[in-house]
Amino acid sequence: RSMTPPTATAAMTSALAWASWLKAFNHEDFLDFEKRGHTAQSTIDAVYKVSELKNVDIGLHFILGHPGETPEHAKEQAKFASSLPISSVKLHNLHVLKATKLEKYYEQGLFKPMELEEYSELVGTFIQYLPEHIAVQRLSALSSRWEELIAPEWTKRKMTVFQAIISHMSVHKRYQSELYTPQPQTRILPEHFKVKIIDQTPFENVLQSLKENPNSTAPLQTL
């Protein structure tokens with residue numbers, strides 16, 4: 001089965017009356033780690049608000065590969081996403097770029113990017129629980145400015161990553177919607193999305209150190 005429905009032609013023919021809107025969603029602890037500046041609940045609220053508009057294609061961004069993240073988390077994310085009024089998702093692997101907070105975590109051994117095999121497992125699990133009517137627009141992040149990428153090295157190789165994920169799903173006989181079951185629609189974030197997953201203390205200590213020594217480093221971007 002194809003992971004993405006054949007909607008390209010329809011989108012092109014209705015381009016003048018069609019718009020796309022995307023927002024990030026994840027477990028609260030992962031959003032906090034990323035310092036997104038919003039909560040999972042606020043994303044849900046925004047999705048339903050935008051769904052009231054006409055001719056808007058709603059999609060969600062999912063970043064995979066946080067400390068402590070497991071296939072079970074990916075499963076929970078996909079199952080809840082399937083209950084929302086969205087038509088697409090984009091998946092990204094968490095990767096380290098220069099002049100970011102994540103670079104400082106990486107330098108101090110607090111963060112280790114996933115290997116490609118691990119990431120393929122997360123993506124495969126996510127897609128298994130995603131219904132066919134939700135298109136997968138992206139399978140991984142791509143560092144377009146290679147000189148800024150620190151890790152993982154495989155993020156540079158778009159087609160290698162794509163093929164690794166496809167091969168993983170083929171070998172394990174996985175496909176989109178394989179384990180999908182209709183989910184009750186809710187506007188309230190389930191309690192298991194609020195469970196603490198990451199010990200944020202060492203990361204907060206790094207940020208505090210940077211605040212106390214502002215001249216020791218160049219201004220940092222977000223993750």
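Contact here means heavy atoms within 4.5 Å. With that in hand, the overall picture of this predicted model can be opened with its contact pattern: among contacts between residues at least 6 apart in the sequence of the protein chain, 82% join residues at least 24 apart. The secondary structure amounts to eight helices and six strands, and reading along the sequence gives the order α-β-α-α-β-α-β-β-α-α-β-β-α-α. The protein chain has 223 residues, of which 45% count as buried. Its exposed surface comes to about 11800 Å², with carbon and sulfur atoms supplying 54% of that area.

The average pLDDT of the protein chain is 87, and 86% of the residues score at least 70. Among the elements, α6 has the highest confidence, at a mean of 98, whereas helix α1 (residues 8-13) has the lowest, at 34. Residues 4-18 have a pLDDT below 50, and this stretch makes 10 contacts in the model beyond near neighbours in sequence. Some caution is welcome when looking at that region.

The largest nonpolar core holds 37 residues, and the members that touch the most others are Phe25, Phe62, Ile86, Val89, Val123 and Phe126. Two or more residues of this core are given by each of α3 (40-51), β2 (56-64), α4 (71-81), β3 (88-93), α6 (116-128) and α7 (158-171). Helix α6 provides the largest share, six residues.

Once its neighbours within four places in sequence are set aside, phenylalanine 62 is in contact with Phe25, Gln77, Ala81, Val89, Lys90, Leu91, His92 and Phe126. Phe25, Val89 and Phe126 in this list are also among the core members that touch the most others.

Charged pairs complete the description. Side chains of opposite charge can pair when their charged atoms come close. Across the whole structure, eight salt bridges are found. One of them joins the side chains of lysine 35 and glutamate 204, with an N to O distance of 2.7 Å. This pair links distant parts of the chain, 169 residues apart: lysine 35 lies in the loop between α2 (28-34) and α3, and glutamate 204 sits in helix α8 (residues 201-212). Lysine 35 is partly exposed, at a relative accessible area of 32%, and glutamate 204 is likewise partly exposed, at 34%.

Another salt bridge pairs glutamate 107 with lysine 104, at 3.8 Å from N to O. These two residues are separated by about one helical turn, because they stand three residues apart in helix α5 (residues 101-107). Lysine 104 has a relative accessibility of 18%, which means that this residue counts as buried, the cut-off being under 20%.

Lysine 194 and glutamate 191 also meet through their side chains in a salt bridge, with 3.1 Å between N and O. Here lysine 194 is partly exposed, at 42%, while glutamate 191 counts as exposed, at 57% relative accessibility. Finally, salt bridges with shared partners join Asp32, Lys35 and Glu204 into one network.

Terms used
Residues are numbered from 1 along each chain as its sequence is written. This is a predicted model: local features need pLDDT of at least 70, side-chain atom pairs count only at pLDDT 80 or more; totals for chains, interfaces and linings use all residues. Side-chain values use heavy atoms; hydrogens and water are left out. A nonpolar core is a set of buried Ala, Val, Leu, Ile, Met, Phe, Trp, Tyr and Cys residues joined through side-chain atoms within 4.5 Å. Buried means under 20% relative accessible area, exposed over 50%, partly exposed in between (1.4 Å probe, protein chains only). Helices (H or I, at least four residues) and strands (E, at least two) are DSSP runs, numbered from the N terminus. A salt bridge is a side-chain nitrogen of Lys or Arg within 4 Å of a carboxyl oxygen of Asp or Glu. pLDDT is the predictor's confidence in each residue, from 0 to 100. Accessible areas come from the Shrake-Rupley method with a 1.4 Å probe; for residues, only the protein chains shown count as cover.
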